Every structure is written in structure tokens, then in C-alpha cells.
Amino acid sequence: MTQPMDKHDSQRSTGTAPPLEKKLIPYGGYHTNKIPGHDPELTEVGPGTPTGEYMRSFWQPVCMSMELTDTPHFLKILGEELVAFRDKSGRVGLLHAHCVHRGASLEYGSIQERGIMCCYHGMVFDIDGTCLKVPFPKGEEADAERYACSIRQGAYKAFERNGLVFAYMGPPEKEPPFPEWEGNFTVLPGDELVPYSNFQHCNWLQVQDNAADNFHTATLHSAKNVVNGQFQGTTFDEVGAPSMEVAPDMQFVPVQGGRSLACAGARRVSDDRLFIRVQHQVLPNLSLHAYTSEDGSAQKHFSRFHIVRWTVPVDDVNSKMIGWRVMGPGIDTRGVGIKSLVGYESIDFLEGQVALRRPERFGEHTINDRPQIPTDHRARANYKQAQYAPGDYEAIISQRPIAVHALENPTKLDAGVYMFRKLLRDAVRGTNKAASAEGFADWLRDAAGAPRSFCSGNVLEIPVGARVEDEIVRRRHVTKAVVTMLAESEHLKGAEREQFVKTRMLALEAEMKASAAAA
């Protein structure tokens, strides 16, 4: 199922830079000290750039609701300086930061009953950019009205959902449906969507790459690799999920017409059980994660979303992971989630996801506060401690502000990263019409705004193969079968889809047990 890499995403090409000559000699640093440029087509996101324009065609989370207070909130998204606010009537606004009159920033404006007033000359703008008021001398109201009709503040449509603020920054006439995955993000009764936002000091794509890189968990999050026993909660063993440290046998399958990628990994957790975890990477920047604290101790069929995450570009060299952590007994069957650690610059499943480690994040603050974010990954009081036990943040950020793809030398285990980049490139270029902005929007409308996801965590009772060779064949057969049954169930929804998948998984278990008994 693993597809060949596109030449543009091979280990030597950015699409613009010439191949680099390899000189594999001892102490050969001189021959590798020239750093080529980054891949602008996929990494640059400002107005008018290929990927920037593509990403503007989708609803994006831009901040947390808690960031909307009694003063405007300045932020950058996709390289644009913006101001978000909730006016006194409860409506959310997202406007260009600089007043269309003379350029003063609306972050110093005053929130009104309707809209926001610029501090400089008192212009009042509604959430759609309409100028509601222009202060003029008494008797010149007609001039004020004419002027108000001649200007409009740049504005984007925005709304709140479960503690996050979403915005559409593309052409108004091409607004797509907001994708309500599965209709309810598979949140079971008693569970909830808990919002969070984690700033990343690097380009958005290398953060998104990490979600498709399912193999790194066996090293980066492995307790045996923590230096000198300086444990800090960065490994899965520390949270009782050693099955996540098992090197997965990965299968990567483009699905949904090339709009997304199913990343399916098989991990043997015992002689009797096989853990099949399917991550779902969706264009352009969404990732849907199955249960991150699975210990594999009990049979489990079709466990769904544990983390819903968008990697949102701030600008070309900064981004943030913003989304929901699903909390509650339905998904968290081990009951290890800690809601008080989920929010602004924090998430609970593993330490090392943001610049601030928990002692610094919570030393003088609660989850309801917004502490100062460090300016650089090396400019941190916890820098040395992070060297002992690095997490995702350190591994991703340290790839340079914008990772240089031309310097990479991937193995077959990196196929998911390169495959997703190819899907993105095809979508941005329009070579895959189904994944174009228009094609994607049409697909969402056909799905009534509630497309199905391949995201699932599954612990199947599959006996281990008698020989290593048998085990490899067995786990790959099972992994492919799981992806196939998920694809075949895509036309179903809700309980009907769940029952279909569970029935097929039980049949797969029976098939594999019979095969083992006959061997």
C-alpha cells in the first residue's frame, strides 16, 4: 500500500534547487556545509503564495476563546496582522489590525456594543468591516456618512466552537462548509472537546510532518533514551503506554480522493494482541489522532478521536498547534487524562509539546492564565533539562526555522511525510482536482459537512506468528485489512458504521486465529 515518492518530494529535490553532490568521506563536513534554500511552494504562506492561498480556502482555528477579553487580541495568522475581539453583544470579529483610515492598530481600540472603535480618530467598525461611525464636527454629519460609505475595514468571518475561534480567510464567494467530522467529532456521551493552543517557533509544515511521522515515537518518546535518568514525562512509558514505544510496521494509504492520508501502524503488544493505530492526515493542515495512552491490555475495536489538531501558520517561521483534546471515559479508557493541563501553551498527554515545560508553565500560573512565551527554543531557563529529555517541540523546532527538504535523506519509514507533502503539492498546483479548494468544498457539501474519518485505535486478538517472517506477513495483512474495512464503511455513519467496522474486525480476528491454528 505504500506508494512511491514523487520526485519533488524525494530526498534531494525541493522543486527548485539542483541536486547536491554526495561525498561520503570521513570528516567531510566541508562538503556538506552549504545550505540550500527551503521549498517555498509548500512552506511560504503569505497572501498570494501557492500554499497560502490554498490554506485560506479552508476554515482555520485562529485563537482560543479565552484570548478574547475586554481588550482586543492582536495575532498573526498566515502572515497577516489581525485583531480578534468579542464585542459587547457577543459577536466575534476578526479584522485587519491596521485601521483603514490612518493605520493605527486596532489592538489599542475600544470594544463597542457593536464592533470596535479605533483609538486614533474614533472610527467604529462592525465585525464585517462596515464603518459604523465617523466622528465629524457638528453639522457635518452628511460628510461623515459619505466618508463612512467610502471605506471598509478588512474583515474575515469568524465564529466560536468549543473554546476555539475559527475564521475563513479566503474569497467570500467561495466559502466552504465548516467540516463537522463525523457530525460530532466522535465525542461520546460523557466526553468533551477541550481546547488548547501550543505555539511552535518554526514553519508550519515541519510541525504537520511530525504528525505523519509515526515512527519517531519508538525513539523520541522511548524511556530508554532519556539521558541519565532525567525523566520529565516526555515518554510513553512514563504515562503507562509502553505499546506506543514499539516500533510500528507502517502502511500509508492516500484516501478520500487524495484529500487525506491514512497512516496505519501495527505494534505487537503481546503474543496475543496486535495494536493497530490509524492516524488520519487531512489536507491542508488537519490531523486526527487515535488514543495516545493505549497500553494494549484489552481488546478494543474502533476507538475514535483523541486529539483533533490543526497546524496553523502564524507566518513563515512560526506556527501553532491548535485544536481539541477529547477528554472523558469514552475515549480515555485508562482514565489518565488531566483536564487541568489542557489549554493555552499546555497539553497533558506528553510533556515537551511546547517551549515551556510544566514547572515553568504552572510555577506561577494556572491553566486559565497566558504566560509569556519564550522567544526561542535556546532562550529558555529549562534548555538544559530539555536536552536530557527532548520532546516533539525540541525535535521539530531544531530542524531550523524552515526545514530544508533538500538536505533530508529519508528511509522507507518516512514515507508518510513525503506522501502527505505530495498530496499537498498536487492540491496546491491543481493537478488533483478532487483536492483543489473547489473540489474539497464540493466534497464537503456532498457529505453534508460531516465527512467520515479513518482515525481509529484498535487492539485486536491476533496471535503472534511462529517465525519473524510469518509475523511480518501477519501484521501487514491485518493493517491493510483494517484500512480497507474503514474505506468500505465510509458511506455509513454513526452507529451503523461502528457496527459494520466492529463486525469486520471480529471476523478478521477469527480469520487470523484459524490461520494460526492451521499453521
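The largest nonpolar core holds 66 residues, and Y54, L94, F185 and L283 make the most contacts inside it. A core here is a set of buried Ala, Val, Leu, Ile, Met, Phe, Trp, Tyr and Cys residues joined through side-chain atoms within 4.5 Å, with buried meaning under 20% relative accessible area (1.4 Å probe, protein chains only). The model is a predicted one: local features need pLDDT of at least 70, side-chain atom pairs count only at pLDDT 80 or more, and totals for chains, interfaces and linings use all residues. Residues are numbered from 1 along each chain as its sequence is written, and side-chain values use heavy atoms, leaving out hydrogens and water.

Of the 15 residues in α9, 13 are buried. L283 touches F420, L423, L424 and A427, among others (contact: heavy atoms within 4.5 Å). A second, separate core has 22 residues, including V253, V278, V501 and M505.

As for open space, the largest pocket is lined by 21 residues, with H73, F74, F199, Y344 and I373 nearest its centre. A pocket is an open set of points on a 1 Å grid over the protein atoms alone where a 1.4 Å probe fits, with protein on both sides within 12 Å along at least five of seven lines; lining residues have an atom within 4 Å of a point. Strand β2 supplies the largest share of that lining, four residues (strands are DSSP runs of E, at least two residues).

Methods
Buried means under 20% relative accessible area, exposed over 50%, partly exposed in between (1.4 Å probe, protein chains only). Lists of a residue's contacts leave out its neighbours within four places in sequence.
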